[in-house]
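Good morning, and thank you for coming.

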Amino acid sequence: MPQKRQTARSPKTVSRILELFSSLRELTSLDAILERILSEARELSGAEAGTVFLREGDRLGFSYVQNDRLSGVENLTERVYQSASLPIDGSSIAGYAALTGQTVTIEDAWAIPEGAPYHFNIDFDKRSGYRTRSILSLPVVNSRGKVVAVMQLINAAGPHGRPGPFTPEAADYAALLTHHAAAAIETGLMTREMVLRMVRMAELRDPSETGPHAQRVGAYAAEIYHALALARGAGSGVLKRTKDLLSVAAMLHDVGKVGIPDGILQKPGPLTPGERAIMCRHTWHGAALFRDPASELDVMAADIAAHHHQRFDGAGYPACKGPLLPQEYLDQPDQPDGSLAPLAGQDIPLAARIVGLADVYDALISRRVYKQAWPDDQARAHIARESGGHFDPEVVRAFFSLGGVVTAIRERFPDP
């Protein structure tokens with residue numbers, strides 16, 4: 001006998017959803033927000049997999065992917081950075097949900113009737129060996145009535161470990177969650193846009209300091225930290241929190257270049273010693289922007305801006321200690337020689353050690369006004385040689401453990 005839909009929601013589950021959105025205020029990066037929302041939706045509905053699509057003009061971009069069954073078969077981290085998108089129309093289930101603003105519930109994706117206003121592409125299932133059955137596709141609508149995202153849940157848990165249909169209760173709770181998700185997603189989008197505006201401000205001065213470069217460095221840094229934290233046995237809470245902050249703070253590593261003259265930033269050849277000394281001050285200018293920190297993000301961004309050119313062997317710059325620059329250095333920017341010794345080894349903040357490698361790698365494989373792009377294998381060989389010199393060996397090991405994730409990030413954020 002079929003179960004009747006419960007009209008009253010469980011107070012415990014509703015309370016859990018409200019607690020989720022309270023905790024989302026602590027997250028900074030859009031990816032962390034999407035990961036948390038999708039994880040919670042899957043747990044509430046018993047879904048084996050799921051995807052969040054963000055609206056990008058007249059298309060939906062794959063923005064976050066999870067799949068328990070494929071996690072041991074395919075590197076899903078690479079898929080998180082895929083740049084594929086769907087049109088907002090009936091050629092896909094997610095596209096139809098975005099087009100109409102309606103929730104779509106399907107029991108078997110391979111048995112959709114021919115006259116249905118939406119379609120399911122089985123190519124991915126055939127390539128991966130996965131079998132998509134039940135689908136719950138929910139539009140995320142903001143306060144202005146605009147669809148900003150679609151959350152698609154796949155394969156609800158059924159009897160005997162086999163996928164079954166999504167129950168009305170699961171659909172109800174997922175709809176409640178998506179109803180509240182739009183504000184959190186828009187906050188994440190706003191944070192990302194504000195960071196990219198700061199990067200574009202630096203780009204006006206230095207053509208190499210592009211939005212894609214900053215996003216690549218942020219993504220490399222986040223994944224390097226993730227690998228390093230797993231190797232250290234870090235707890236899930238610490239890992240997610242730090243990765244969230246680092247992915248955003250790393251994007252601001254070179255924002256201090258706004259204080260460097262155009263003639264130096266855009267010089268097509270090598271810098272003179274005097275010009276290089278001025279260029280080095282971009283780390284001081286960057287840290288100065290965060291002199292009065294209002295959050296953990298500000299503190300980490302200051303650490304990274306000040307110290308991402310420190311070398312593990314102590315031969316880097318600038319010559320200052322702590323997350324914020326001493327006032328006397330800011331008052332006397334022409335102080336020539338660093339009467340305070342550069343930091344070395346573990347004294348360099350971990351976030352800066354990670355971003356230092358990510359920044360160098362991306363600079364090596366990218367074209368600049370003063371050089372051609374290096375081949376990837378040549379850049380990797382340079383990083384390997386500099387382990388223990390320029391770079392922290394632990395950070396180098398974490399970087400080399402990423403495999404195809406690095407390529408996926410490059411493809412996700414290409415230069416214009």
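Throughout this talk, contact means heavy atoms within 4.5 Å. Before I use that term, a word on what is shown: this is a predicted model, in which local features need pLDDT of at least 70 and side-chain atom pairs count only at pLDDT 80 or more, while totals for chains, interfaces and linings use all residues. Residues are numbered from 1 along each chain as its sequence is written, and side-chain values use heavy atoms, with hydrogens and water left out.

Let me start with leucine 246. Its neighbours within four places in sequence aside, leucine 246 is in contact with Ala221, Ala222, Tyr225, Met300, Ile304, Ala351, Ile354 and Val355.

Now the chain as a whole. The secondary structure comes to 17 helices and seven strands; helices (H or I, at least four residues) and strands (E, at least two) are DSSP runs, numbered from the N terminus. Of the 416 residues, 51% are buried. Here buried means under 20% relative accessible area, exposed means over 50%, and partly exposed lies in between, using a 1.4 Å probe and protein chains only. Among contacts between residues at least 6 apart in sequence, 66% join residues at least 24 apart.

I turn to the interior. In soluble globular proteins, nonpolar side chains tend to be buried together. By a nonpolar core I mean a set of buried Ala, Val, Leu, Ile, Met, Phe, Trp, Tyr and Cys residues joined through side-chain atoms within 4.5 Å. The largest such core has 50 residues, and those with the most contacts inside it are Ile224, Leu246, Ile354, Leu357, Tyr361 and Phe399. Which helix gives the most to this core? Helix 7 does, with 10 residues. A second, separate core has 28 residues, among them Leu24, Ala41, Leu138 and Leu177.

After helix 7 comes glycine 233, with a positive phi near 75°.

Helix 6, residues 168-203, contains threonine 178. Is threonine 178 buried or exposed? Threonine 178 counts as buried because its relative accessibility is 5%. Beyond four places in sequence, threonine 178 is in contact with Leu138, Pro139, Val140 and Met151.

Finally, the charged pairs. Side chains of opposite charge can pair when their charged atoms come close. A salt bridge is a side-chain nitrogen of Lys or Arg within 4 Å of a carboxyl oxygen of Asp or Glu, and the structure holds 19 of them. One joins arginine 144 and glutamate 186, at 3.3 Å from N to O. This pair links distant parts of the chain, 42 residues apart: arginine 144 is in the loop between strand 5 and strand 6, and glutamate 186 is in helix 6. Arginine 144 is exposed, with a relative accessible area of 62%, whereas glutamate 186 is partly exposed at 23%.

Lastly, Asp108, Arg131 and Arg133 are linked in a network of salt bridges.
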